[in-house]
Amino acid sequence: MAKIMVIDDDLDLAEDLSLILKSAGHQTSTRDDTEGAVAILMEQKPDLLILDVMFPENPAGGFDLAREIRSTPELRDLPVILLTAINQEFPMDFSSNDIDPEWMPVQDFLEKPVAPDVLLQKVDELLSRN
Amino acid sequence: MKSFELSPQPTKTTKPYDTSGLDKQVLLRNAFWFMTFRWIVVAVFALVGLLGRFFAGLLLSKGLVLPFRGLWILAGVLIGTNLFFFLFARSLKSESTITLIKTNLWLQIVSDLIVLTFLVHMIGSTYTFIPFTYLFHITLSCIFFPKRESLLVTVISAVFYCTSVIIEITGIWVAPGILVSGAGMWENTAPLRVVFALSAVFVWFVEWYMVSSLSEAVRVRDQRLSIANERLIEADAEKTRQVLLTTHDLKAPFAGIESNIQVMKHQHWDTLSPEVKTIIERIDQRAQTLRERIRDILILGDLRSRGVKEIKLETVDLKKCIDGVITELTERAQSREVRLDNRVPGITVRGNSEQLAILCSNLIANAIYYSHEGGEVAVAAAIENAAVCLSVSDRGIGIKPEALPHIFEEYYRTKEAARFNRNSTGLGLSIVGEIAQNLKLKIRVESEEGRGTTFKVYIPYHGER
C-alpha cells in the first residue's frame, strides 16, 4: 500500500482516480491546484504524485510544479506521473518521449482519459522501482 | 444495377491579381482630396502674388521678381476649373462607372499640368527647381492608376515641359523668370538649358518607373491580403458551423446517457451498493453539466451567428420576463435553500424579450449557484436617468478584484468559483456579455470577495406597464 497524491483542477476526476487507486489498496489524497503544493507534499510525504498539466491560473502549472519538485531536495526522488488532456487542447503531441530532466522532469506521461488498468500498472511500476 | 461515383471536385481557381489601380470608392475620394488640395494651391498663388505686388522693392533688392499678375491669373483659372471638377465629382455616385470617375481625375490632372507648365515657364523652366513639381502629379498618378496610364501622365508632363522650354529657347515666348540675374545668365546658353530640361525629364521617367512598380507590387500584396482575409473569414465561419453542428449532434447521445441513468435510479437504485450509487450520481452530475454546456455553446453560437442586425427590438414587460425566469429557477434555488426576492415593478423596457430572458436567467442562476446555502438572491429594478437599472444581488462567494475584468470571457472561472460550483459551464457570463453587446446594454459588476456580488444591467426605459 502506498500514499498517492492526485493534483488535478477537475476534482471529480481526481476523486475518480482516487477511487481506482483505493480499490488497489492505496491511500490517496487530492488537491485541485498547484499553489502551495510543494509545502503540502513535504508535509504529507506521498510515495507518488499524479499531476495534471493545465490549471486555470497557469496552463503549464503541472510542468512548473514538476520542475519545482525536482529542485526541492526533500522531494527530488518523488515519482511523478503527468496525467493530462493537453494534447486535446493544443496539438503539440506531448508524450513520454518528451520527458527530460530539465524541461519535463517526471517519470511518466499519460493522456486522459486513462484506463484504470493502465494507470494501476504504471503506478505499480513506479512504486516497485523506488 | 445502379451505381454512384464520387469524383474529385475541381479546385477553386484563383482570379489573377488585378493591377488596374485603385477601386471606385478610393478613386472618388482621391478626386475630392485633389480638389481640396487645389484650394490650398490657389491660396498660396494668391498670397505669393500679393507678396510680389506689395513687396516688389524688397524682393528686387534680393535679386527676385515675382510675376504677381501671372500668379493671380493662374489662381483664377484654378478656381474656375476646381469649381467645375467639384460639381462634376458631386454628380458622381458610388454606382457611377469607373470611367466617369477616371475622366474627372484625368481632367484634373491635365488641367493641372497645363497650369503647372505656365507656372514653370513664368518662374524659370531651366534655372530653378520648379520643373520638379511635375513629380507630384507623376507620383500620384502612379499610385492611382495602372502603369500604362501613369506613363501617359509622365509623357504628357514631358511634352508640356519640353514645349515650354523650346518656346523659350527659340524666343517665341521668353518669360522673365523670378531671378533678376538668372535669366540673363542663361539666356544665351541654349545647349545647357536643353541639358537641364532633358535631365529633369530623365529624373521623372526614373521616378515613374520606380513608383509605378512599387505601387503595383503594393496593390498585388493588398489583393493577396484581402483574398487571404476573405478565406480566413470563410474558414472561421465554416469551422464555427461545424462545431455547432457537432455540438448539436451531441445532444442526443447525452440525452440517451441521462435517460439510462434515470432508469437505473428509478428501477435498480435499491439494489446498488453505496459505492456504485456514488459513481452513478457522479455520472449523472457530469452528464447534466455537459448537457448544460452543450446548451450554452449552442446559445452562444446562435447569438453570434445572428449578429446585431437580426435582432428585433420590441417593448418588453420586464416584470413578466423576470417572473418567468424566477418560476423556472425556483426549484434550483430551493435545492440550494436559496431564497429568491423578486422586487421588480411593472415596468417596460426596449429590448428583445428572448435575449433579455436568457440574460436575466443566466444572471439569476449564477447568483443562486454562487450563494451559500440558506442565502438570498435579490432581483430589483429602478429607473435611473433614461434607463432601467436591473440589479441581481447575492451574498455569495464574491469575485476577486483582479478577476472582475475577465468574468465575461469564455470558460473563465476563478479557482474559488470552480471549487464552489464544480458544475459550472464557464459560459453563462459570456452569454450575458454577448447579449449585452447585441442589445447595447451597459453592465456594472460590484463585488466583494466573501461578501457577495451585484450585477447591474442598464436597459433603455420604455414606460410603466
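## Helix α3 of chain B

Helices here are DSSP runs of H or I with at least four residues, strands are runs of E with at least two, and both are numbered from the N terminus; the expected span of a helix is 1.5 Å times one less than its number of residues. Helix α3 of chain B (residues 68-91) has 24 residues and should therefore span 34 Å, which agrees with the 35 Å between its end C-alpha atoms.

Within α3(B), the residues L71(B), L74(B), A75(B), N82(B) and F85(B) are buried, a residue being buried if 20 or more other C-beta atoms, placed from the backbone, lie within 10 Å of its own. Among the elements that cover these buried residues are α1 (24-54) and α4 (98-123) of chain B.

## Model and confidence

This is a predicted model, in which local features need pLDDT of at least 70 and side-chain atom pairs count only at pLDDT 80 or more, while totals for chains, interfaces and linings use all residues. Residues are numbered from 1 along each chain as its sequence is written, and chains are lettered from A and ligands numbered from 1 in the order in which they are written.

The mean pLDDT (the predictor's confidence in each residue, from 0 to 100) of chain B is 88, with 94% of its residues at 70 or more. For the complex, the predictor gives an ipTM of 0.72 and a pTM of 0.63.

## Chain B as a whole

Chain B contains 13 helices and seven strands, and 27% of its 465 residues are buried. Of the contacts in chain B with a separation of 6 or more, 76% join residues 24 or more positions apart, where a contact means that two C-beta atoms, placed from the backbone, lie within 7 Å.

## Nonpolar cores

A nonpolar core is a set of buried Ala, Val, Leu, Ile, Met, Phe, Trp, Tyr and Cys residues joined through C-beta atoms within 7 Å. The largest has 45 residues, and L318(B), C360(B) and V377(B) are among those with the most contacts inside it. Elements that each supply at least two residues of this core include α9 (274-306), α10 (318-335) and β4 (376-384) of chain B, but α11(B) gives the most, with 10 residues. Because domain 2 (244-305) and domain 3 (309-464) of chain B both give residues to this core, it lies between them; the domain bounds come from an automatic or database domain assignment.

A second, separate core has 28 residues, including A31(B) and L140(B).

Methods:
Buried ≥ 20, exposed ≤ 12 C-beta atoms within 10 Å, placed from the backbone.
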